[in-house]
Amino acid sequence: MDQGIRRSAARRSAARRRRRRRSQRRAAIFLISLVVLVGAVLAGVLIIFENTRNYTASYEEENYNTSVYQGTMFAADLCVAADQVDLAGFEPDTDLHAAGLFDLEADSVLCGYKLYDRLYPASTTKIMTALVALKYGNLDDEVTVSANATDFNWDEVTSGLRTGDKVTMYDLLCGLLLHSGNDCGTAIAEHIAGSEEAFADMMNEEAAALGATGTHFVNPHGLHDENHYTTAYDLYLIFNECIKDERFVEIISMESYDGTLTGADGTVRKETWTPTQAYGAGAATEPDGIRILGGKTGTTQQAGNCVILYDEDFSEHPYISVIMGADGTTRLYDQMNTLMQAGITGTQQSSGQDRQTEGQ
């Protein structure tokens with residue numbers, strides 16, 4: 001009996017020792033885990049603190065400020081407005097498709113009429129053709145004109161290109177922008193991209209990069225297609241990018257240009273191209289106090305009469321003005337003159353009055 005009691009007591013004692021050892025192991029594991037966790041937290045805090053300190057030092061060393069950040073915003077240097085911006089003194093014709101006047105120095109929209117309506121651009125398309133050509137082409141390249149580039153109907157404007165002609169890219173751009181040659185547009189597209197379709201893809205990529213999300217092109221010249229469209233505001237975005245290139249401004253400002261074409265038989269001939277926009281052609285008179293630097297027209301039955309212009313006041317304050325869908329050329333330039341007089345001349349007069357008031 002005594003032996004049984006002793007064995008039982010020994011088992012209880014051994015069990016107590018096992019429980020103590022398990023408790024000690026659990027306590028040791030908990031302590032180790034706690035030390036590891038605290039170490040990890042401390043390490044994380046140190047890393048965050050060091051990165052913050054380095055970032056702050058770098059920020060201060062490079063003298064960054066909020067104005068630099070704001071300057072890189074997508075629309076920081078663009079004219080942005082709602083669809084309708086009324087302009088005192090300008091009443092759009094009831095059948096007019098769209099109109100806009102953009103103050104480039106103040107980054108403001110002085111007039112906006114149906115700016116975001118989807119419209120057919122006709123040959124104002126060619127400003128995007130020029131933009132892509134100037135960005136990706138070499139103006140010294142000699143281009144061989146294909147049969148496809150001369151395959152236009154008698155009533156579709158061409159610059160006199162013939163199959164097999166050799167013409168520089170620069171001359172093609174002059175024929176494109178001044179005379180609005182559809183043949184020049186196709187020749188440019190095929191030389192740069194291999195086909196009109198591939199070139200239209202490039203045009204759409206450039207449009208998207210500029211934020212011209214209401215635009216879709218299917219050809220480089222603007223002949224009518226239901227899937228070929230833009231908006232007055234998108235035309236402003238594209239034209240605004242174009243005039244940043246001095247070569248573009250140089251071409252649209254010309255009174256005329258003599259293109260040199262070398263035929264397939266080696267014969268050299270000249271084609272003289274003059275602006276299609278009436279101010280450059282001397283067929284329309286600019287309003288007092290306004291100078292037209294150049295622009296691009298477009299006309300089809302579906303698009304109506306369109307023009308986009310780069311203009312300035314006599315203080316060299318720059319503007320972009322656009323009229324789309326006028327009923328005939330006379331109404332087109334009447335509406336444009338009224339728009340510029342109300343927006344540009346009117347702004348000048350208001351500024352002069354403000355200066356007089358301040359002087360008093």
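**Helix packing and the pocket**

Modeller: Helix 3 (residues 126–136) and helix 4 (residues 169–177) pack with their axes 10 Å apart, at an angle of about 165°. That makes helix 3 roughly antiparallel to helix 4, the cut-off being over 145 degrees. This is a predicted model, where local features need pLDDT of at least 70, side-chain atom pairs count only at pLDDT 80 or more, and totals for chains, interfaces and linings use all residues. Residues are numbered from 1 along each chain as its sequence is written, and side-chain values use heavy atoms, with hydrogens and water left out.

Colleague: Which residues of helix 4 do K126, T129, A130, A133 and L134 in helix 3 meet?

Modeller: Contact here means heavy atoms within 4.5 Å. On the helix 4 side, the partners are L173, L176 and L177.

Colleague: And what is the angle between helix 4 and helix 5?

Modeller: Angles run from 0 to 180 degrees between N-to-C directions, with axes fitted to C-alpha atoms over the stretch in contact. Helix 5 covers residues 182–193, and its axis is 8 Å from that of helix 4. The angle is about 145°.

Colleague: How many charged residues does the contact of helix 4 with helix 5 have?

Modeller: Helix 4 brings M169, L172, L173, G175 and L176, and helix 5 brings C184, G185, A187, I188, H191 and I192. By class there are eight nonpolar and three polar residues. As for charged residues, there are no charged ones.

Colleague: Which residues of helix 5 take part in the contact with helix 3?

Modeller: Helix 3 and helix 5 pack at an angle of about 35°, with their axes 11 Å apart. From helix 3 come K126, T129, V132, A133 and Y136. Helix 5 supplies N182, I188 and I192.

Colleague: Now the largest pocket: which residues are the closest to its centre?

Modeller: A pocket is an open set of points on a 1 Å grid where a 1.4 Å probe fits, with protein on both sides within 12 Å along at least five of seven lines, and lining residues have an atom within 4 Å of a point. The largest one has a volume of about 300 Å³. Of its 16 lining residues, the closest to the centre are S123, D155, V157, N182 and T299.

Colleague: Which strand gives the most to that lining?

Modeller: By class, the lining has three nonpolar, ten polar and three charged residues. The top contributor gives four residues, and that is strand 7 (residues 290–300).

Key: Helix = DSSP H or I, 4+ residues; strand = E, 2+ residues; numbered from the N terminus. Parallel < 35°, antiparallel > 145°, perpendicular 65-115°, else oblique. Points joined across faces, edges and corners; volume = space filled by probe spheres on them. Nonpolar A, V, L, I, M, F, W, Y, C, P; charged D, E, K, R; others polar.
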